[in-house]
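Work through the exercises below with the sequence and the structure at hand. Each task is followed by a solution in steps.

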Amino acid sequence: MLQQLTELVWPAALQRLVLALNHVLASETEAVARLRPHVGRIIRLSVEGLPSLLQWPGILAFRITPAGLLELAEPADAQQADLAMRVDAGHPAVLMQALLDGRRPPVAIDGDAHLAADVAWLMDHVRWDYADDLDRVFGPLVGGQLAQLVAAAAAGARQVLRTLAQFAPGGREPPVPTTTARGA
């Protein structure tokens with residue numbers, strides 16, 4: 001039953017993920033400018049070590065569009081990816097703590113050096129400005145209040161995850177990200 005639900009939900013969820021990623025990328029002109037030279041290139045993302053209960057579609061592949069944004073690529077295209085990114089999700093609490101702290105999650109990157117450098121820059125510098133989006137949707141008064149609520153919830157979640165991360169094998173700090181690039 002869970003498998004059938006996953007098959008129904010994943011395609012729509014992936015489309016929403018791409019829309020959200022493109023929204024964040026489009027809000028940062030430098031991000032779009034860094035991706036435009038890589039039009040047509042494929043970025044493969046795999047998540048390893050996830051608990052089996054969380055049904056992940058396996059490997060995702062994104063193609064860079066002429067606008068400097070992303071679109072889902074065909075699964076067959078993932079095998080010829082120009083850049084492979086692997087996220088170790090074996091310790092979800094450590095991973096979530098890194099994300100909530102605004103740090104780059106532990107990601108192994110392998111592939112084209114120039115594309116790897118630009119993607120690494122994106123991961124280090126591009127963040128979702130949820131407060132601005134809330135202001136736009138609800139107005140500055142309500143949006144500001146909602147942004148404070150989100151910030152407080154995130155702070156609470158960070159504290160819970162810090163506590164949980166202490167009990168994760170490997171200790172308190174997430175592994176250091178690695179990059180292996182080919183070409184120049």
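**Exercise 1.** Find the helix that holds Asp-118, decide whether Asp-118 is buried or exposed, and list its contacts beyond four places in sequence.

Solution. The model is predicted. Step one: Asp-118 belongs to helix H4, which covers residues 113-125. Step two: the relative accessible area of Asp-118 is 6%. Buried means under 20%, so Asp-118 counts as buried. Step three: with neighbours within four places in sequence left aside, Asp-118 contacts Arg-34 and His-38.

**Exercise 2.** Name the residues of the nonpolar surface patch of about 430 Å², and classify Phe-138 by its accessible area.

Solution. Val-137, Phe-138, Leu-141 and Val-142 make the patch. Helices H5 (130-138) and H6 (140-166) are the elements that give two or more residues to it. Phe-138 lies in H5. Its relative accessible area is 45%, between the cut-offs of 20% and 50%, so Phe-138 is partly exposed.

**Exercise 3.** State the average pLDDT of the protein chain and how many contacts residues 173-177 have beyond near neighbours in sequence.

Solution. The average is 78, and 73% of the residues score at least 70. Residues 173-177 have a pLDDT below 50, with 10 such contacts in the model. Where pLDDT is low, predicted coordinates should not be read in detail.

Definitions and conventions: Residues numbered from 1 in each chain as written. Predicted model: local features only at pLDDT ≥ 70, side-chain atom pairs only at ≥ 80, totals over all residues. Heavy atoms only, no water. pLDDT = per-residue confidence, 0-100. Contact = heavy atoms within 4.5 Å. Helix = DSSP H or I, 4+ residues; strand = E, 2+ residues; numbered from the N terminus. Buried < 20%, exposed > 50% of the residue type's maximum accessible area, 1.4 Å probe, protein only. Patch = residues over 30% accessible without salt bridge, like charges linked within 9 Å, V, L, I, M, F, W, Y side chains within 5 Å. Areas by Shrake-Rupley, 256 points an atom, 1.4 Å probe, with all protein chains shown as cover. Salt bridge = Lys/Arg side-chain N within 4 Å of Asp/Glu carboxyl O.
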